[in-house]
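Colleague: I am new to this structure and would appreciate a guided discussion. Could we go through a few places in turn?

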Amino acid sequence: MTDQIAFNDDYDSNTSGNPEFHQLFNQQMSRRDLIKKTAGGAVALTLAASLTGCSDNDEESTPPSIPATPNEPDLTATPKSLTFKPVDKNTLEQFTVAEGYDFKVLHAVGDPLHPSLPVWDENNIPSGVSYERRVGDNHDGMTFFGLNTSKQNFDATVSDTGLLVMNHEYLQRDDLHPRGSIFDQDDITEDEVIREVNSHGVSIVAINKNPETQEITVDLNSPFNRRITAATEMEYRGPVRGNTLVQTAFSPDGTKTRGTINNCGNGYTPWGTYLTTEENFNQYLARQKDTEGGDVRDANTEHALKRYKVNNGARGYNWQSIRNPQIFTPDYFSRWNTVISGASEQEDYRNSINTFGWIVEIDPFDNRSMPVKRTALGRFAHEDCRASRAIAGKPLAFYMGDDSQGEYIYKFVSDTPWNPTDVNGGYAAGDKYMNNGKLYVAQFDFNEATGEAKGQWLELSLSNPKIANYAEYKFADRADILVNARIAADAAGATKMDRPEWVAVNPHNGEVYVTLTNNSQRGSAHVIDAANPRQYSDDDDTTNRLRGNINGHVIRFRETGDDVTATSFTWDIFLFGAEADSIPGVNLSGLTDANDFSSPDGMWFDDRGVLWLQTDDGAYTDTTNCMMLAALPGSVSDGSVQTATAGTGTQKTPMGAKLDDSKLRRFLVGPAGCEITGVTMTPDYKAIFVNVQHPGGTWPANQAEHLISTGRAYSRPRSATVVITRKDGGVIAGESLETPKA
Ligand code: FEO
Ligand code: CA
Ligand code: CA
């Protein structure tokens with residue numbers, strides 16, 4: 001049953017900033033949603049929300065993450081080895097996947113998420129406002145949530161109906177707008193700002209999977225299809241809610257804000273909600289007073305602004321430059337200027353910078369409530385957020401990276417132990433597990449004499465004298481520590497890492513993996529240590545210039561006593577990125593042509609314990625585009641101490657057991673120019689989804705036979721979601737468990 005409201009193509013493609021369009025668009029959307037709600041969709045949602053804390057799930061404990069026991073236990077156990085044929089490194093303008101597998105492009109930036117919107121057309125790019133219901137740009141982190149169609153809520157065992165939730169990190173500005181590559185932010189228009197604001201955030205996309213063919217389709221008629229953008233209203237919960245540091249003219253009491261931005265890695269909760277992250281939020285904000293430069297702040301605030309990289313005079317994306325808007329009110333634009341312009345923080349947007357940098361919880365099954373910024377998890381350039389295994393009666397931990405050179409790894413530990421009856425508890429469950437707890441930062445130590453690799457979790461609290469008495473910044477209270485978590489971590493003495501990106505939790509043993517993508521300053525601005533041990537030059541670089549840790553590595557740790565509340569851990573380096581022909585002190589993991597890679601970034605353990613590893617690389621792209629590999633890891637301390645090349649010297653480092661290419665191999669390679677990021681599967685392991693972010697050339701149009709995505713006459717490259725299935729409908733990466741075909 002659909003209520004097809006005819007959208008006028010002229011309106012949808014109107015790029016003039018016509019105010020009537022916005023009104024018409026929203027009137028039509030609300031009419032449709034109302035009809036949908038009374039037709040059953042959100043009625044069921046209301047019921048689901050009222051079940052908070054008393055769901056009908058009576059299991060003793062829930063599975064470690066979303067997928068639950070599949071139907072074919074023999075074929076969905078942990079694979080013994082990886083036997084698909086590894087994909088060759090290549091620099092094609094094509095997406096290539098292992099033999100025996102096929103892929104489809106599910107949707108791309110600009111595709112409609114409402115049945116009445118016209119298809120995306122390169123020669124008639126839709127208006128900025130219509131991107132409130134179109135797929136955003138630069139797809140990133142992503143999670144599949146099984147949809148129980150009778151209860152209209154989350155079901156971790158369902159594979160054939162679901163909500164695919166994904167981030168849209170940033171923009172390809174030269175490909176997004178009607179004027180294309182002549183885009184210039186100096187003269188950005190209102191329509192362009194609105195398209196840019198709407199192309200950020202999160203898409204919730206209802207999909208169906210044919211249980212016979214495994215074919216995936218998008219259900220455009222689903223009431224769950226939704227966009228959350230950089231303008232969507234959301235609220236703060238946790239210790240920072242109401243604090244002076246987040247008060248603005250929009251929310252003088254500091255309880256609400258608008259939008260989420262630069263959504264990079266992701267996470268999901270055991271109760272069935274999505275976690276999006278706010279990474280390089282500083283890039284969007286101006287700090288301009290008219291054209292005179294910036295403002296003057298007290299020394300404490302200035303230290304905080306510097307630490308979060310907001311320079312006086314910054315221009316951001318120039319969204320604040322729209323002074324006489326026709327569609328939205330002026331503060332839709334002016335709030336992107338984090339400068340003093342009023343008498344107090346309640347009368348201006350000086351605090352805009354503090355409204356971003358959070359973990360945001362989104363309940364994909366609840367389109368009535370506002371998303372929630374979970375302030376207890378701290379504010380920094382959040383890359384990823386992964387929950388520990390959900391064990392009944394034990395607290396939950398959330399592990400997080402701050403992706404910038406020399407930044408830190410954090411964990412938040414809930415005060416409240418996990419109760420499996422909270423599945424489908426929505427934001428109320430979020431309040432229960434994410435409002436109260438302790439925030440820690442990691443410090444890595446290595447004793448070369450004994451070979452012992454230990455680490456400490458340093459609590460970010462005023463009870464730590466190093467934080468309470470920090471000379472560089474005076475913390476007012478706990479909320480201040482959370483808003484300025486980076487500064488508290490500086491004070492505590494955390495270990496500066498090589499850009500912490502994604503985090504993955506091994507479902508078999510709870511060990512935590514963190515990608516450290518690269519760091520050109522390792523060995524110079526950041527001293528070599530055992531956890532970040534390499535500094536070297538690229539074999540192909542004739543200048544022989546030491547560029548730090550060029551290819552990145554993956555570190556992992558195990559909490560003492562396998563207890564997420566532990567304040568110490570053991571660790572090793574799981575894997576070093578390298579070119580296969582690098583010197584041994586660089587290619588410490590012994591990578592071969594079947595599995596060499598550079599700049600690990602996206603990463604996720606599926607519930608069988610297969611680790612999926614993705615790259616966002618600029619160092620090895622003369623040889624290969626970015627890729628995704630599959631791995632079957634061992635455990636912390638299963639290897640030995642190695643000697644890494646560290647500039648003109650060496651550094652000892654504890655490394656995990658080397659994996660041969662039956663335990664680590666390349667599953668796919670993306671088209672030239674792209675980053676491969678975001679990975680999730682249906683719980684039957686028969687469909688795996690990845691995102692292709694900022695491809696080059698004309699991809700995906702040049703692989704037209706793989707398009708499900710619609711769109712007219714295009715040559716512009718488009719970020720897209722890809723779904724991969726086996727041609728024989730089998731379990732992905734599960735070949736080693738099958739009887740060989742005669
Ligand atoms: Fe958004 Fe660190 O990549
Ligand atoms: Ca090279
Ligand atoms: Ca990333």
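Modeller: Let us begin with a term: a residue is called buried when its relative accessible area is under 20%, and exposed when that value is over 50%. Please keep in mind that this is a predicted model.

Colleague: Which residues of α5 are buried?

Modeller: They are E190, D191, E192, V193, I194, R195, E196, V197 and N198.

Colleague: Let us turn to the metal. Which residues coordinate the calcium ion (ligand 2)?

Modeller: The calcium ion (ligand 2) is coordinated by OD atoms of D538 and D540 and by OE atoms of E579.

Colleague: How are the donor residues spaced in sequence?

Modeller: The spacing for the calcium ion (ligand 2) is D-x1-D-x38-E.

Colleague: Is D538 buried or exposed?

Modeller: D538 has a relative accessible area of 8%, so it is buried. D540 counts as partly exposed because its relative accessible area is 46%, a value that lies between the limits of 20% and 50%.

Colleague: Now the sheet with β32. What is its strand order?

Modeller: It is an open sheet of 4 strands in the order β2-β34-β33-β32, and the pairing is antiparallel. The edge strands are β2 (101-108) and β32 (675-681), each of which pairs on one side only. On average, neighbouring strands of this sheet are turned by 25 degrees against each other, direction ignored.

Colleague: And what holds strands together in general?

Modeller: Strands of a sheet pair through backbone hydrogen bonds, either parallel or antiparallel.

Colleague: Over how many bridges do β32 and β33 pair?

Modeller: β32 and β33 (residues 688-693) pair in the antiparallel sense over 6 bridges. As one point of reference, T680 stands opposite F689 in β33.

Colleague: One last place. Where does N243 lie?

Modeller: N243 lies in the loop between β9 (233-237) and β10 (256-258). Its relative accessible area is 15%, so N243 is buried.

Colleague: What does the side chain of N243 reach?

Modeller: The N243 side chain reaches the backbone nitrogen of L245 at 2.9 Å.

Methods:
Residues numbered from 1 in each chain as written. Chains lettered and ligands numbered in written order. Predicted model: local features only at pLDDT ≥ 70, side-chain atom pairs only at ≥ 80, totals over all residues. Heavy atoms only, no water. Donors = N, O, S within 2.8 Å, 3.2 Å for Na, K, Ca; no water. Buried < 20%, exposed > 50% of the residue type's maximum accessible area, 1.4 Å probe, protein only. Helix = DSSP H or I, 4+ residues; strand = E, 2+ residues; numbered from the N terminus. Pairing = 2+ DSSP bridges. Axes fitted to C-alpha atoms, helices over the stretch in contact; angles between N-to-C directions. Polar contact = N/O pair within 3.5 Å; in protein donor to acceptor, adjacent residues only side chain to side chain.
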